[in-house]
Amino acid sequence: MNNFATFTKLPPLSLLRHLSSCFENTCLQVQSHSVNWWIYLEEGKIAYATHSIEPFDRLERHLRRLSVQVPALTSEIRVQLRMMFEPDSLRKPYEAVDNASESISTQQPSDYQAICWLVTQRYLNPTQAAILIQELVKEVIESFLLIKKGTYEFHQNLSLSPKICRLDAEKLLLFSQERLQSWHNLNPQITSPFQRPYLWINTKTQVQKISDIQPNLINWMKGFSLRHLAVIMNQDELVLARSLYPHIQSGAILLHEPDPPFDKLPKTDTLLSGPPVRINQDNKVLTDFQENKPETKPEKNTKQKDNVAVPKQQIPVNKVTIKQETKPSAIEKADKQPQVNNIQPISPGANVSPQKVYKIVSVDDSPVMLKEISRFLEDESFSVVTIDNPLKAVMSIIRHQPDLILLDLNMEGIDGYELCRIIRNNSKFKNTPIIMVTGSKGFVDKVKARLMGASGYLTKPFTRADLLKIVFMHLT
């Protein structure tokens with residue numbers, strides 16, 4: 001039986017600590033400001049955690065962190081993964097709040113299914129998958145601990161299959177508290193890892209004077225969030241934020257608020273505090289939370305067997321070379337994988353040299369759409385070439401030698417499928433990312449686009465964040 005309750009003050013830290021002491025299979029679902037969190041606990045350990053804000057953007061970033069140590073995780077495989085498992089509905093798996101309870105009870109998170117598929121298809125071994133899950137869970141738990149108000153529900157006897165790992169809840173919580181304290185120390189200038197730094201225009205002629213900022217970082221500091229920049233620059237996001245902090249204080253760097261939907265996630269502008277939740281053996285709430293009631297420390301769980309170490313360092317981010325790989329076979333039913341109970345971090349890899357400012361060609365017979373795409377991208381210092389006549393597109397593309405091509409699917413004279421096939425037949429563009437832009441959400445269209453050589457799929461209507469995300473995924 002599931003239990004549901006609403007709080008005027010939700011102390012997620014105490015709630016999770018108490019749940020981890022119950023040693024039962026439980027899924028904790030929390031909703032706050034239209035965002036849903038799901039935390040799966042098995043025998044007092046955390047098996048997985050996710051939330052409804054761009055779960056596949058989160059998965060993509062962490063897969064990139066593993067890409068050098070795991071060569072099979074090519075850009076091609078990561079794109080295929082998203083096309084197979086990322087839901088079409090605005091790419092948000094549980095956005096429909098009214099049906100959230102039903103959906104979580106009848107299926108596993110799509111991002112977890114994607115990880116299981118990587119293991120089944122042997123792109124990841126169970127230990128690598130456990131490391132990936134550990135890093136994903138740490139990011140999700142950090143945002144979960146910042147929730148101030150919300151509702152929660154328990155889904156009892158709900159577990160994940162296949163089981164990949166179990167993480168020590170207390171160690172995860174301590175790690176997350178330390179990280180959040182570090183973020184809080186950067187307030188009020190920095191209140192979210194999804195804020196977007198820009199170089200103040202009057203300082204562009206004096207860039208050389210900002211000696212402690214990497215020159216290539218300045219090229220990317222035009223719309224990507226701190227969290228995404230950290231992936232590009234192969235840095236821990238807190239290290240990156242601290243390096244920019246003095247220049248944000250001085251006004252040389254401006255911080256813009258997070259793009260939707262990342263603006264829905266809690267801010268780091270308050271310290272973690274709050275009283276413990278009191279729950280009986282049946283997972284029922286005994287009392288409401290009183291905001292001013294002093295917090296008492298929960299009894300520490302003395303069961304230490306099979307604990308998983310949560311290291312302070314992050315998995316390093318490394319450069320990915322885009323190349324074609326043989327497509328894996330169709331999805332098979334996931335076999336039960338050995339459960340990993342002791343996870344060690346991957347040793348740091350080589351630093352990444354950030355890429356140049358890229359040239360992008362956009363082909364569309366709609367001047368309005370071309371203008372919108374150009375506005376989205378040129379604001380971020382990409383070099384954008386727009387082509388409104390698809391019949392002349394091939395010669396223009398050969399002349400401009402773009403790093404990425406955006407193709408509208410439905411155009412007069414020649415459609416995007418045929419144009420994609422012609423471009424791919426030119427040896428110069430065998431590995432150039434080609435993104436199909438269309439208003440159709442059909443799976444058949446996606447498959448056809450893949451057969452013609454498309455690298456990705458962008459569905460209209462899309463936001464600037466959607467466009468930047470897919471460009472980021474294919475170019476950096």
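A residue is called buried when its relative accessible area is under 20%, exposed when it is over 50%, and partly exposed in between. Cys22, at 27% relative accessibility, therefore counts as partly exposed. This assignment, like those that follow, is drawn from a predicted model.

**Accessibility of selected residues**

| Residue | Relative accessibility | Class |
|---|---|---|
| Cys22 | 27% | partly exposed |
| Cys116 | 5% | buried |
| Arg82 | 7% | buried |
| Ile39 | 0% | buried |

Cys116 has a relative accessible area of 5% and is therefore buried. The structure holds zero disulfides.

**Confidence**

The average pLDDT of the protein chain is 76, and 71% of the residues reach a score of at least 70. Residues 90–106 have a pLDDT below 50, and in the model this stretch makes 39 contacts beyond near neighbours in sequence. The pLDDT is also below 50 over residues 274–338, a stretch with 166 contacts in the model beyond near neighbours in sequence.

**Nonpolar cores**

The largest nonpolar core comprises 63 residues, of which Leu28 and Ile46 touch the most other members. Helix H6, spanning residues 126–145, supplies the largest share of this core, with 11 residues. A second, separate core contains 46 residues, including Ile232, Leu377, Leu404 and Val471.

Leaving aside residues up to four places away in sequence, Ile46 has among its contacts Leu16, Ile39, Val137, Ile141, Cys165 and Leu172. Further contacts of Ile46 include Tyr40, Leu41, Arg166, Leu167 and Ala169.

**Surroundings of Ile39**

Ile39 belongs to strand E3, which covers residues 35–42. Its relative accessible area is 0%, so Ile39 is buried. When residues up to four places away in sequence are not counted, Ile39 touches Leu16, Thr26, Cys27, Leu28, Ile46, Tyr48, Ala49, Ile141 and Phe144. Ile39 and Ile141 are 102 residues apart along the chain, yet a separation of 8.5 Å is found between their C-alpha atoms.

Arg82 is part of helix H3, which runs over residues 75–85. The cut-off for a buried residue is under 20% relative accessible area; Arg82, at 7% relative accessibility, therefore counts as buried. Apart from residues up to four places away in sequence, Arg82 is in contact with Phe56, Asp57, Glu60, Lys469 and Met473.

How values were computed:
Residues numbered from 1 in each chain as written. Predicted model: local features only at pLDDT ≥ 70, side-chain atom pairs only at ≥ 80, totals over all residues. Heavy atoms only, no water. Helix = DSSP H or I, 4+ residues; strand = E, 2+ residues; numbered from the N terminus. Buried < 20%, exposed > 50% of the residue type's maximum accessible area, 1.4 Å probe, protein only. Contact = heavy atoms within 4.5 Å. pLDDT = per-residue confidence, 0-100. Core = buried A, V, L, I, M, F, W, Y, C linked by side-chain atoms within 4.5 Å. Disulfide = S-S within 2.5 Å.
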